[in-house]
Amino acid sequence: MTAEATLREEIALLGRSLYDRGLTPGSSGNISARLDDVWLMSPTNACLGRLDPARLSKLDAHGTLISGDPPTKEAFLHSAMYEQRPKAGAVVHLHSTHAVAVSCLADLDSADVLPPITAYYVMRIGRLPLVPFYLPGDRALAEAVRALAGQHHAVLLANHGPVVAGSSLANAVYAIEELEETAKLHLLLHGHRLRPLTPAQVAQVLEKFPS
């Protein structure tokens, strides 16, 4: 099996895993992965639980469709991430329930939405900035993401959902899953006295597990 065929199968497999666990309902969410100078991406209006590896969108470095179905309408979010993070191997965007719920809360710290509740959140996400709300499909959203992506591999779109880049598709999926679980913990702990990791503990985690 070629590297491209293997990556196509991995996209479909992980997409189905995310969908089956309720992390992105209906035809929401999208996945892309880099292979040399081309990108494979979930098509527009596609359910991540039913992706056909052979029909994934294949794009060149300029975003031109080479083969497959037309790409997701939010391809520009992926392009913005890749432009600012040349070592990224994949980007995942979900409408996962708890992360979206957090993105709708008032009085969020837009520079860092979630507290460092666990070491694994610090390792896989770090700081999570909030991108202001834009209408779906608004290209201004890409500019807002591009402005943050050079410093952050994960962002949270207000009233929309998370976008996460990773060195590989598996790593991007692991990170966005960790983000969703931390959002869930954050909501479960709402109203309780919270004991997040201290700045010193965060520094220790990052020293031992540099990103």
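The buried residues of helix 1 pack against both strands and another helix in this predicted model. Their partners among the strands are strand 1 (30–35), strand 2 (38–41), strand 3 (57–59), strand 4 (65–67) and strand 5 (90–93). The helical partner is helix 6 (169–188). The buried positions of helix 1 are Leu7, Arg8, Ile11, Ala12, Leu14, Gly15 and Leu18. An α-helix has 3.6 residues a turn, so residues three or four places apart point the same way. Helix 1 itself covers residues 3–20. At 1.5 Å a residue, its 18 residues should span 26 Å, and the C-alpha atoms at its ends are 26 Å apart, so expectation and model agree. Just after helix 1 comes Gly22, with a positive phi of about 75°.

The protein as a whole contains seven helices and eight strands. Its radius of gyration is 17 Å. A compact globule of 211 residues would have a value near 17 Å, so the protein agrees with that expectation. Along the principal axes, the C-alpha trace spans about 50 × 35 × 30 Å. Buried residues make up 47% of the 211. Contacts were also sorted by separation along the chain. Among those with a separation of 6 or more, 66% join residues 24 or more positions apart.

The accessible surface of the protein is about 10,800 Å². Carbon and sulfur atoms contribute 54% of this surface. The protein has 18 positive and 21 negative charges.

The loop between strand 2 and strand 3 holds both Ser42 and Ala54. Ser42 has a relative accessibility of 1% and therefore counts as buried, the cut-off being under 20%. Leaving aside residues up to four places away in sequence, Ser42 touches Asn30, Ile31, Leu48, Leu51, Leu56, Ser57, Pro71 and Thr72. Ala54 has a relative accessibility of 60%, so this residue counts as exposed. Its C-alpha atom lies 35 Å from that of Gly126, a residue 72 positions away in sequence.

A further exposed alanine is Ala147, with a relative accessibility of 65%. Ala147 belongs to helix 5, which runs over residues 139–149. Ala147 and Val205 are 58 residues apart along the chain. Their C-alpha atoms are separated by 27 Å.

Most residues other than glycine have a negative phi. Asp107 has a positive phi, near 60°, although this residue is not a glycine. Asp107 sits in the loop between helix 3 (97–103) and helix 4 (119–124). Its relative accessible area is 81%, so Asp107 is exposed, the cut-off being over 50%. Asn159 also has a positive phi, near 55°, in a residue other than glycine. Asn159 occupies the loop between strand 7 (154–157) and strand 8 (161–166). With a relative accessible area of 45%, Asn159 is partly exposed.

Technical notes. Residues numbered from 1 in each chain as written. Predicted model: local features only at pLDDT ≥ 70, side-chain atom pairs only at ≥ 80, totals over all residues. Heavy atoms only, no water. Helix = DSSP H or I, 4+ residues; strand = E, 2+ residues; numbered from the N terminus. Rg over C-alpha atoms; globule rule 2.2 N^0.38 Å. Buried < 20%, exposed > 50% of the residue type's maximum accessible area, 1.4 Å probe, protein only. Contact = heavy atoms within 4.5 Å. Areas by Shrake-Rupley, 256 points an atom, 1.4 Å probe, with all protein chains shown as cover. Lys, Arg positive; Asp, Glu negative; His and termini not counted. Charge placed at Lys NZ, Arg CZ, Asp CG, Glu CD. Expected span 1.5 Å × (residues − 1).
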